[in-house]
Amino acid sequence: MMAMAMGCNQGSQDRDIRGAIAAKTKTDIHFAGVQYTVKDGVVTLVGTCPTLKAKEQVLKTLRGIRVIKDVKDELRIAPLVLDSTLVFRQAVDSVLARYPYVLAKVSDSAIALQGEVMSGELAGLAKALKQVNPYGSVDTTGLRAVN
């Protein structure tokens with residue numbers, strides 16, 4: 001019973017961390033090419049930063065979130081085009097704030113999800129993303145349901 005309670009608590013903490021990061025990404029352009037998941041207090045970063053300085057700023061921002069246990073940095077330095085999908089990606093990221101184990105690949109009007117989602121939450125996630133993207137597709141085949 002204690003292990004279950006701790007697992008639920010960690011899941012809640014992971015959601016809180018994801019939410020804190022999502023709030024910061026809305027106002028920090030350095031996160032424009034960055035995606036992330038949170039599992040057991042560990043943040044995994046993937047994607048691109050246009051410069052080493054931008055990457056260092058992302059890492060500095062995360063260090064400001066005290067409950068993060070560790071950061072796995074899988075970011076690469078590469079050119080980043082800021083186009084019309086930035087606002088769309090931010091809207092998707094806002095939805096994903098409640099789903100710490102999910103990554104979204106966003107292109108034009110399509111959203112492809114990968115990662116893990118708690119059993120019973122898939123329908124709610126798909127519905128929320130459909131509201132963000134009413135005329136595009138939401139591909140959930142890359143998601144795995146976990147208990």
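## Pocket and cavity in the predicted model

The largest pocket is lined by 27 residues, and A32, G33, V34, Q35 and R89 are those that lie nearest its centre. Two or more residues of this lining come from each of α1 (2–25), β1 (34–39), β2 (42–49), α3 (85–96) and β4 (102–107), with α3 giving the most, 7 residues. Helices (H or I, at least four residues) and strands (E, at least two) are DSSP runs numbered from the N terminus.

This is a predicted model, in which local features need pLDDT of at least 70 and side-chain atom pairs count only at pLDDT 80 or more, while totals for chains, interfaces and linings use all residues. Residues are numbered from 1 along each chain as its sequence is written, and side-chain values use heavy atoms, with hydrogens and water left out.

A search of the whole structure finds 1 cavity of 30 Å³ or more. The lining of the largest cavity consists of R15, R98, Y99, P100, Y101, V102, E116, V117, M118 and E121, and strand β5 (residues 110–118) supplies the largest share of that lining, 3 residues.

| Space | Volume | Lining residues by class |
|---|---|---|
| Largest pocket | about 600 Å³ | 13 nonpolar, 8 polar, 6 charged |
| Largest cavity | about 40 Å³ | 6 nonpolar, no polar, 4 charged |

On a 1 Å grid over the protein atoms alone, a cavity is a set of points where a 1.4 Å probe fits but cannot get out, whereas a pocket is an open set with protein on both sides within 12 Å along at least five of seven lines; lining residues have an atom within 4 Å of a point. A volume is the space filled by probe spheres set on the points, which are joined across faces, edges and corners. Ala, Val, Leu, Ile, Met, Phe, Trp, Tyr, Cys and Pro count as nonpolar, Asp, Glu, Lys and Arg as charged, and the others, Gly among them, as polar.
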